Amino acid sequence: MPYNDECVANCILEKAFNEKRSDLTPMKLQKMLFFLNGWGLAITHEPVVEGKFEAWPYGPVIAELYSKTKRFGKKTIDSYFVTEDNVYIVSRTQKQFYDLLDKVWKKYINCSAYQLSEITHEVDSPWWITKKEGHKIIKDDIIKQYFVDLASFKR
């Protein structure tokens, strides 16, 4: 079941705030969301986020979410996404989500935003295929197959 984009982003922000990280920029948040969604598609066959990723110059981006973080520019995001003065996250009862988040966090969080962007730009990546085909939206089936192949060492 896909979750609200802002709720998932808040879960990533919560981990960053708890670890007092100073490198979670809008670009890095987008890439972390992309990898989380990709591994979710590969493992559960369901997207993690509701939004669709677009092929932007620096990699996959959920446009609506980006518009809410662009004020930070290249600086660290220092606040949660808030609705009516409430911060929403994915329910703590969603163990599978949090297990996946922990694994993706460990795998990618120590990469810079630019390193993550470079990973998304590799030949035959979902971003690369989408750009090559001249499309804007990165299709979930392309994302899923890429991460399934990663998991089975085909890439």
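Buried means under 20% relative accessible area, exposed over 50% and partly exposed in between, computed with a 1.4 Å probe on protein chains only. The model shown in these views is predicted: local features need pLDDT of at least 70, side-chain atom pairs count only at pLDDT 80 or more, and totals for chains, interfaces and linings use all residues. Residues are numbered from 1 along each chain as its sequence is written, and side-chain values use heavy atoms, with hydrogens and water left out.

**View 1. Ser117 in helix α5.** Ser117 counts as buried, at 4% relative accessibility. The residue lies in helix α5; helices (H or I, at least four residues) and strands (E, at least two) are DSSP runs, numbered from the N terminus. Contact means heavy atoms within 4.5 Å. Leaving aside neighbours within four places in sequence, Ser117 is in contact with Met27, Lys31, Tyr58 and Gly59.

**View 2. The largest pocket.** On a 1 Å grid over the protein atoms alone, a cavity is a set of points where a 1.4 Å probe fits but cannot get out, whereas a pocket is an open set with protein on both sides within 12 Å along at least five of seven lines; lining residues have an atom within 4 Å of a point. Grid points are joined across faces, edges and corners, and a volume is the space filled by probe spheres set on the points. The largest pocket has a volume of about 350 Å³. Its lining has 16 residues, of which Pro26, Met27, Tyr58, Tyr66 and Gly73 are the closest to the centre. Two or more lining residues come from each of α2, β2 (59-61) and α5 (113-120), and α2 gives the largest share, four residues. By class, the lining has nine nonpolar, four polar and three charged residues. In this division Ala, Val, Leu, Ile, Met, Phe, Trp, Tyr, Cys and Pro count as nonpolar, Asp, Glu, Lys and Arg as charged, and the others, Gly among them, as polar.

**View 3. The second largest pocket.** The second largest pocket has a volume of about 160 Å³. Its lining is formed by Met1, Tyr3, Gly40, Thr44, Glu46, Pro47, Val48, Gln94, Lys95, Gln96, Phe97 and Leu100. Helices α2 and α4 each give two or more residues to this lining, and the largest share, four residues, comes from α4. The classes here are six nonpolar, four polar and two charged.

**View 4. The largest nonpolar core.** A nonpolar core is a set of buried Ala, Val, Leu, Ile, Met, Phe, Trp, Tyr and Cys residues joined through side-chain atoms within 4.5 Å. The largest one has 43 residues, and Val8, Ile12, Leu33, Leu36, Phe97 and Phe147 have the most contacts inside it. The elements giving two or more residues to this core are α1 (5-18), α2 (26-44), α4 (95-108) and α7 (140-151). Helix α2 supplies the largest share, nine residues. Phe97 touches Tyr3, Val8, Cys11, Leu36, Val48 and Val90, residues up to four places away in sequence not being counted.

View 5. The whole structure has zero disulfides, a disulfide being a pair of cysteine sulfur atoms within 2.5 Å.

**View 6. Gln30 in helix α2.** Gln30 lies in helix α2 and counts as buried, at 2% relative accessibility. Gln30 and Tyr66 are 36 residues apart in sequence, and their C-alpha atoms are 7.7 Å apart in space.

**View 7. Glu6 in helix α1.** Glu6 is found in helix α1 and is buried, with a relative accessible area of 15%. Not counting residues up to four places away in sequence, Glu6 touches Leu65, Lys68, Phe81, Thr83 and Tyr88.

View 8. His45, a residue other than glycine, has a positive phi near 65 degrees. His45 is found in the loop between α2 and β1 (54-56) and is exposed, with a relative accessible area of 51%. Asp124 is not a glycine either, and its phi is positive, about 70 degrees. Asp124 lies in the loop between α5 and α6 (126-132) and is partly exposed, at 36% relative accessible area.
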